[in-house]
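Please read it alongside the sequence and the structure shown below.

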Amino acid sequence: MARPEQVLVLEPQHELKFRGPFTDVVTATLKLTNPTDRNVCFKVKTTAPRRYCVRPNSGIIDAGASINVSVMLQPFDYDPNEKSKHKFMVQSMLAPYDMTDMEGVWKEAKPEELMDSKLRCAFEMPLENDKTHESENNKTVSSSASSVKTEHSTLPKSASASLDDGEVKKIMEECKRLQMEVQRLREENKQIREDDGLRKRKVTSVAASHSSSMSTSAMRDEGLSTRVLAFCVLLFVIGVIIGKLVL
């Protein structure tokens, strides 16, 4: 039984062109369009899987939607006398309404449900005129990039200058705050010293008054003892005189 005709519309339809130089990755774009009213599953296969990177290489295209597939050719040594034998195949099938596992759908798919389209690959090197044009474009792009880079390099300088000014302002404010804090601490220290001196003077005055009171009481005691002694001597003298008179 013949396979059904491909429902997807491919752009390009028959050939993928890769334009050199091939010293770097070269990318070709394949557009897949689903014009039906059903979702369509697709896969992209190649005869040289080590030479290409395809993203995405499989998926689902909604009804009436399109998707761009990037086919990236890896760098290689190009030989103009060698013709490319690489081919791609786009395989598709209508997505079941109750689909939950796309890999399972592909495994269970029947051959008469599968549709495919094949594309060949072509390698092209740019002509001398194209190279000159491309070099001029590259120079223009590089000059534009350098001017943009200069503008960007100028902007950070002004930004850094404004940033430095802001930092200086913050430092000055911090210095002022520290100076005020030091002044406050000095005043507190001065007040503490004055209070300490006042307490010392009070203690000294109390000690002096206590010492003077003790001295006064001692003098009083000493004067009293002296008077008692003098009185005793006087009594003794009187007693001696009276004794002589009696005899």
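Two strands are taken as paired if DSSP finds at least two bridges between them. On that basis, in this predicted model, five strands form an open sheet in the order 2-9-8-4-6, with mixed pairing. A further open sheet has four strands in the order 1-3-7-5, and its pairing is antiparallel.

**Overall composition**

- The protein contains two helices and nine strands.
- Read from the N terminus, its elements follow the order β-β-β-β-β-β-β-β-α-β-α.
- The protein has 247 residues, of which 19% count as buried.
- Contacts between residues at least 6 apart in sequence join residues at least 24 apart in 71% of cases.

- Strands of a sheet pair through backbone hydrogen bonds, in either a parallel or an antiparallel sense.
- In the order 2-9-8-4-6, where the pairing is mixed, the edge positions are taken by strand 2 (15–19) and strand 6 (58–61), each of which pairs on one side only.
- On average, neighbouring strands of this sheet are turned by 25° against each other, direction ignored.
- Strand 2 and strand 9 (residues 115–124) run parallel and are joined by five bridges.
- R19 has E124 of strand 9 standing opposite.

- The order 1-3-7-5 describes an open sheet with antiparallel pairing; strand 1 and strand 5 (52–55) are its edge strands, each pairing on one side only.
- Neighbouring strands here are turned by 20° against each other on average, with direction ignored.
- Strand 1 runs antiparallel to strand 3 (residues 26–33), and three bridges join the two.
- Within strand 3, T33 is the bridge partner of V9, and K31 is the bridge partner of E11.
- Strand 3 also pairs with strand 7 (residues 66–73) in the antiparallel sense, over eight bridges.
- M72, in strand 7, is the bridge partner of T27.

**V71, in strand 7**

- V71 belongs to strand 7.
- Is V71 buried or exposed? V71 counts as buried because its relative accessibility is 0%, and the cut-off for burial is under 20%.
- Leaving aside neighbours within four places in sequence, V71 is in contact with L16, F18, V26, T27, A28, Y52, C53, V54 and F88.
- V71 and L30 are 41 residues apart along the chain, and their C-alpha atoms are separated by 7.3 Å.

- Q74 lies in the loop between strand 7 and strand 8 (87–94).
- With a relative accessible area of 29%, Q74 is partly exposed.
- Residues up to four places away in sequence not being counted, Q74 touches V25, R50, R51, Y52 and C53.
- The C-alpha atoms of Q74 and D24 are 7.0 Å apart in space, while the two residues are 50 residues apart in sequence.

**R3, before strand 1**

- R3 is located in the segment before strand 1 (9–11).
- The relative accessible area of R3 is 44%, so R3 is classed as partly exposed.
- R3 is in contact with Q91, P111, L114 and D116, its neighbours within four places in sequence being left aside.
- R3 and M115 stand 112 residues apart in sequence, yet their C-alpha atoms are 6.3 Å apart in space.

**The largest pocket**

- Rolling a probe the size of a water molecule over the atoms shows where empty space is left.
- How much space lies in the largest pocket? The largest pocket holds about 170 Å³.
- Its lining consists of R51, F76, D77, Y78, D79, E82, K83, S84, K85, H86 and F123.
- These lining residues divide into six charged, three nonpolar and two polar.
- R51, one of the residues that line the largest pocket, is also among the residues that Q74 touches.

Notes: Residues numbered from 1 in each chain as written. Predicted model: local features only at pLDDT ≥ 70, side-chain atom pairs only at ≥ 80, totals over all residues. Heavy atoms only, no water. 1 Å grid on protein atoms, 1.4 Å probe; cavity = no way out; pocket = protein on both sides within 12 Å on 5 of 7 lines; lining within 4 Å. Points joined across faces, edges and corners; volume = space filled by probe spheres on them. Nonpolar A, V, L, I, M, F, W, Y, C, P; charged D, E, K, R; others polar. Axes fitted to C-alpha atoms, helices over the stretch in contact; angles between N-to-C directions. Buried < 20%, exposed > 50% of the residue type's maximum accessible area, 1.4 Å probe, protein only. Contact = heavy atoms within 4.5 Å.
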